[in-house]
Amino acid sequence: MFYKIIISGFALLVLSNCNTQKETKSAEKVATKNNKNVEGKIIYFTEGENKFLSEYQMNVTFKNIAEDSRCPEGVTCVWEGAAVANIEFMGTTTRPMTIPLATTENAGRSYHKSTFFNGYTISLVEVNPAPTSGEGAKALSGKYRIGIVIVKGGEDSTKR
């Protein structure tokens with residue numbers, strides 16, 4: 001009887017944690033859409049797309065999604081997961097650098113939402129579409145779209 005109470009308590013804890021993650025995700029999406037937490041315009045890339053951004057004097061290529069362990073829509077998860085995008089940056093006076101940016105900050109797994117390159121802070125703010133419970137992330141290969149924000153300032157990673 002006692003073990004049933006412990007298991008029920010654990011299940012309740014897990015479910016409340018997932019609900020909190022969903023509320024946080026929803027709040028982040030609303031803030032991003034309203035551009036309240038984003039200091040600059042969002043620049044969108046489809047998988048494999050390359051753009052020269054003359055405003056920043058850099059070439060940006062969205063190579064691929066290296067990992068997508070985000071919780072599928074309609075599924076209750078213990079961990080929200082992360083999507084990691086490999087993005088190649090090349091300034092007019094620098095060599096190309098492929099930098100992974102993630103949807104969540106987790107230093108233990110080397111996930112970072114932002115990086116510094118060529119005098120700019122570059123942040124990953126969107127990865128779409130989200131995986132579904134039926135297809136999973138592998139079915140989305142080649143269909144991803146990311147949004148990044150580039151803001152002047154920060155330490156220059158090319159001079160480390």
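The exercises below work through a predicted model of a protein, each with a solution in steps.

**Exercise 1. Describe the overall make-up of the protein: which elements does it hold, and in what order do they run?**

Step 1. Count the elements: the protein has 1 helix and 8 strands.

Step 2. Starting at the N terminus, the run is α-β-β-β-β-β-β-β-β.

Step 3. The protein has 160 residues, and 36% of them count as buried. Its accessible surface is about 9700 Å², with 54% belonging to carbon and sulfur atoms. Among contacts with a separation of 6 or more, 53% come from residues 24 or more positions apart.

**Exercise 2. Find the strand order of the open sheet of 4 strands, and state which strands stand at its edges.**

Step 1. The order is β2-β3-β4-β5, and the pairing is antiparallel.

Step 2. Look at the ends of that order. β2 and β5 (97–102) each have a single partner strand, so one side of each lacks a neighbour in the sheet.

Step 3. Take one pairing in detail. β2 and β3 are joined in the antiparallel sense over 4 bridges, and F52 has N59 in β3 as its bridge partner.

**Exercise 3. Trace the pairings of strand β8 (residues 145–152) with β1 and β7.**

Step 1. Strand β1 (residues 42–46) runs antiparallel to β8, and 5 bridges join the two. T46 is bridged to R145 of β8.

Step 2. β7 also pairs with β8 in the antiparallel sense, over 8 bridges. Here I122 has I150 in β8 as its bridge partner.

Step 3. Check for charges over rings. R145 lies over the face of Y44, 4.0 Å from the ring centre. K152 places its charged end over the ring of Y120, at 4.8 Å from the centre.

**Exercise 4. Classify the aromatic pairs by geometry, and say which parts of the chain they link.**

Step 1. Two values describe a pair of aromatic rings: the distance of the centres and the angle of the planes.

Step 2. Search the whole structure; this gives 2 aromatic pairs.

Step 3. For Y56 and Y120, the centres are 5.3 Å apart and the planes stand at 90°, an edge-to-face pair. Y56 is in the loop between β2 (50–53) and β3 (58–68), while Y120 is in strand β7 (residues 120–128), so the pair ties together parts 64 residues apart in sequence. Both Y56 and Y120 are buried.

Step 4. For F89 and F117, the ring centres are 5.8 Å apart and the planes lie at 35°, so this pair is tilted. F89 belongs to strand β4 (residues 83–91) and F117 to strand β6 (residues 114–117), 28 residues apart, and the pair links these distant parts of the chain. F89 and F117 are both buried.

**Exercise 5. Is I99 buried or exposed, and which residues is it in contact with beyond four places in sequence?**

Step 1. Locate the residue: I99 lies in strand β5.

Step 2. Apply the cut-off. Buried means under 20% relative accessible area; I99 has 10% relative accessibility and therefore counts as buried.

Step 3. List the contacts. With neighbours within four places in sequence left aside, I99 is in contact with A85, N86, I87, F89 and T115.

Step 4. Take N86 from that list. I99 and N86 are 13 residues apart in sequence, and their C-alpha atoms are 5.7 Å apart in space.

Terms used: Residues numbered from 1 in each chain as written. Predicted model: local features only at pLDDT ≥ 70, side-chain atom pairs only at ≥ 80, totals over all residues. Heavy atoms only, no water. Phe/Tyr/Trp six-rings, centres within 6.5 Å; stacked < 30°, edge-to-face > 60°. Buried < 20%, exposed > 50% of the residue type's maximum accessible area, 1.4 Å probe, protein only. Lys NZ or Arg CZ within 6 Å of the ring centre and 35° of its normal. Pairing = 2+ DSSP bridges. Contact = heavy atoms within 4.5 Å. Areas by Shrake-Rupley, 256 points an atom, 1.4 Å probe, with all protein chains shown as cover.
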